[in-house]
Amino acid sequence: MVVEALSVLRNLPARKKEEQAEPSILLGGSRDLGLDTLKLAQDIYDQFTADPRYKEYVLGCLNCGECTTGCPAARFYDFSPREMLQVAMSNDPLVLLNAMHEKIWACCQCYTCNMRCRFGNDIAGIISVMRELAVKNGLDSAKEVLRPYTRILLKVMTGGTQVSPDMIQPDFFVDWGPDAVSKASDLKTLRKAIPIDVLQVTDSAWEVSMQTSLELFQIYQESGVIDIVRAVDPDLVEMITDIVDEWREEFEEMKEKYGVR
Amino acid sequence: MSSPRILVVGGGPAGLSAACDLAEAGANVVLVEEEGFLGGTPKKLHYSLIAPDLKPVQEVLDPLVRRVEQSGVEVMLNSEVASFKGSGDGFHVEVRRKGGPLESHVFDSVIAATGFAHWDPHKKYEYGYGVYPDVLDFKDFERMLSEDNLRRPSNGETPKRIAWLLCVGSRDKQVGKFYCCRMGCVVSIKQAMEVRQKHPEIDTYVYYMDIRTYGFWEDKVYWRSMEEFNVKFVRGRIGSINRGEDGRLVAMAEDTILQRPTEVPFDMLVLATGMEASRGTVEFAKLAGLELEEHGFIKPLQSDSLPVHTTVEGIFVAGTATGPKAIPDSVSEGSAAAMKALNFARRKAVAERQQTR
Amino acid sequence: MGILSADQIREVVRARAENRSVSDKKVSDVREEMWTLHDRGELIVIPITPENKPVEVETLFGWKKKVPTDKLWHHKSCGQCGNIPGYPASLLWFMNQFKTTYLNEPHQTSCTAWNYHGSGTSNPVALAAVAVRNWYRAYETGTYPLIHCGTSYGDYKEMRKVLVENKEVRDKVREIMHHMGKELVIPEEIVHYSEWVHVKRDEIASMVKYDLKDVVATVHEPCHYYKMVPEDAIYDSSVLGGQRPAPPTALLQKMGVSVADYSTWYDCCGFGFRHILTEREFTRSFATLRKIKPMVEEAHADVAITTDTGCVTTLDKSQWVGKVHGMDFLVPVLAEVQLAALAAGAHPYKIVQVHWHTSPVEKLMEKMGIDYQSYRKDFTEYLNQIKSGGKIEYLYDPHSEIEKYFAVNKGQVIVEEQALKRGE
């Protein structure tokens, strides 16, 4: 009954109650194909097709495979840009949701597929849209994928640079070899030996002025990015907000100190 | 009543066919050809065998050329239309022979049989045409076959494996060529058959996204290539070609049936280059005020029911000037345009007679 | 639904792609529409003026592009500054040699596109606003933004397109800018540092002190330089038959380096944005097997040269672990401007900062004839000097304390105030 109520899903074969309760391999770990999943799939599908980029990026496909030919991810993952384009064209909410659970995260965003595509599709772009939606809708896959990424998000959302010299810690980057990590011990001196003043820091790629960091945060707030990230990592957003609040206080003090209006 | 005077521009299959039919029907025909010989692009580029019967090109075209020569057509070789003006009493045309003075003529009707050009694969950068000597296009390879000189340009050795890549400069927005060239599939497969016929030790692979061997080409060429010649087909396109370790070419493609990216070394690669309107077609259209259609070819007045009429009254068109076509189709269109041009000229003559009476 | 008719497709494509074939077909160039919006007062184009001493180059379709060479605002790359500091240092060193005027400020954020392409945690409005905020800083100081990172370069071109073509995004970004007392600005051209190096290649090559003819280099062309917005990359018919982008090959050839081809030339480096950080099995496998191995085994490369942050990082850092599988390649990986600086006699450690590279550069320097051991000794002494609180060398005078907080200088005057250190 409930399935029938979702008009767009009317082409799906009706599922028996017991089938719905079965864990689905198709959905990559989702517990069941019950109303919640179907509704989620439909919601995401509606957001996806309503995005103005959808019509602009997805045009058609001759299945020629040139996109996949140059795709780095296709060499090492069960993934191909051609498949992702077919998913985007499938008009099937469950197919879309399924791809968003894992496959979309394999893409390297190198844009080789776009350059090759003789139909003019923006495949890397449509994968980005799917990723945005996975984050925005707080999908488990997005949470899982982004878990080891928290430090980087914190860095980029507060300071505005993605990496910092002190991130190259031996335990994280052991595969980069002893030379890469040995610098950690004498990082401060080595950074001082770079003949560019703003690079002589260790906790940021370069020293970003406080005004600039606060302006960046304002952009994140006003563009809705803070809310998007909250969907996958509320703790992180709280941490960022705390940091920014402290900065704002300090910034006011500095305004007084330097007589800046 | 004097014979109708009719101009045919272009001495390829369509122009030859039009010219000899007109002459045999009693018209005064002038055939203007920019090259120093008749036979058009197939002759100029030294085509080898012609599908579907795998007949040498001279067996197909020479009888037409002979008919033209024997039927009293005035053939002007090494010549081009220098100026063109239509008015009440006919088409005033100046023809320039290479290095010679302008010759003025007046015609009752005109047939444009100005033909096509093979698309230049230099523009599809990922295939390294012009960078890697063993990457060839249709014209290079046809010549190689017709001269029975199948060697790798890089080192003069006989290749062990050759690949064909279909739709180069066709069905591709990247290079602004939206349409199918209609010939790439059959010519590529035909070439692979020719190779296998002469050199059974050479492996041949055709990379395709669709095989479009219309009508009888299906069994006479496509099926036969597998049944008799063991030509192999890979469903997927090559995305880029690079230099391999030993100077061979490495073709990167997706096998879309296996759904995996592949990388295969080849000694030689043939790009099935598409067809576009020839320079002569575009220039003549400009001179005569003919409209072009969206792909850059001459626009027929009605693509379905009036395919050999142009948008200018009294000027007709035949062959690949209106779009990709096979030789038999061009020959048929030449005859069709001849009929229309002759009728037009006769109606005009009747009208003139009635006016002067 | 969502699938357009052939005619609609044709319209879309004609509007944004181009054919490389028929010259009389008119193709839309986003830059033209941008100027129309400028004239209508919807945005402000940051013009390239004669003061920027522009040099004209040709891009993929034979379009013209102006590359400013002076009065520049360095849009730094986070990956370069974080892990390859010799990359920006070499560039600034050349600019000092050429007496180029520039600003290198703390009032810049990264483009944040590394994060976006890795995680999806952003949206077009945020990305565009970040871009405009940075561009505006160049605008208010009377300088022109020069983008160091390939991804920033690609992203900024996408954002330019979004801002020009999407009124909703444009209005929202303008509103955000107004809240910060800024305007919606877009530079006349988005210019990558490698394009500056490319147009300066004759001057750079004339400074080369070592014989480079025995040096074999393989080029890795960064994807976001030429694949993301293909029509804006520089091509030159005299370089690689005009079939591959001209930078950095043109410079290498000018310097006398032998540039070698290899079978995976078109492949990406394996960076993957998220992958380099949290899926490194992929990145290191791809970089080693698909790029480094062919470069070494097919082309016998002495050095791999590229022009982007992520590519240098990936190709350099991923090699060490190859030892596990007996792939002991350790080919040095440098940005073209680093190799050029080495060849032109810049200090390998103080300027080119080769010690940050994990695939050692010493063997290459030896082949070039650089007495790296004495430079290294010099550098070790310098480090000791720094530790004991001694004098630190700078390419330009350091910023004052107040600039840690505020972007105080807003006028043209700032360029002159910066008192650049010249030469030596």
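These notebook entries record what I looked up on the domains and interfaces of chain A and chain B in a predicted model.

**Conventions.** I number residues from 1 along each chain as its sequence is written, with chains lettered from A and ligands numbered from 1 in the order in which they are written. As the model is predicted, local features need pLDDT of at least 70 and side-chain atom pairs count only at pLDDT 80 or more, while totals for chains, interfaces and linings use all residues; side-chain values use heavy atoms, with hydrogens and water left out.

**Entry 1: domains.** I took the domain bounds from an automatic or database domain assignment. Chain A is assigned domain 1 (22–137) and domain 2 (148–258), and I find their C-alpha centres 32 Å apart. For chain B, the assignment gives domain 1 (5–115 + 278–356) and domain 2 (119–274); here the C-alpha centres lie 33 Å apart.

**Entry 2: the two domains of chain B.** I looked up contacts (heavy atoms within 4.5 Å) and found 15 residues from domain 1 of chain B and 18 residues from domain 2 of chain B taking part. The buried area (accessible area, 1.4 Å probe, that two parts lose on being put together, summed over both) is about 1,500 Å² between these domains, and carbon and sulfur atoms give 65% of it. I note that B:His46, B:Leu54 and B:Pro324 supply 32% of what domain 1 of chain B buries against domain 2 of chain B, more than any other three residues.

I then searched for salt bridges (a side-chain nitrogen of Lys or Arg within 4 Å of a carboxyl oxygen of Asp or Glu). B:Asp53 and B:Lys220 meet through their side chains in a salt bridge of 3.0 Å, N to O.

**Entry 3: chain A against chain B.** I find 20 residues of chain A in contact with 24 residues of chain B. The area buried between the chains is about 1,700 Å², with 40% from carbon and sulfur atoms. Of the area that chain A buries against chain B, A:Thr69, A:Arg75 and A:Arg118 supply 36%, more than any other three residues.

Between chain A and chain B I record 5 salt bridges. The side chains of A:Arg118 and B:Asp172 form a salt bridge at 3.7 Å, N to O.
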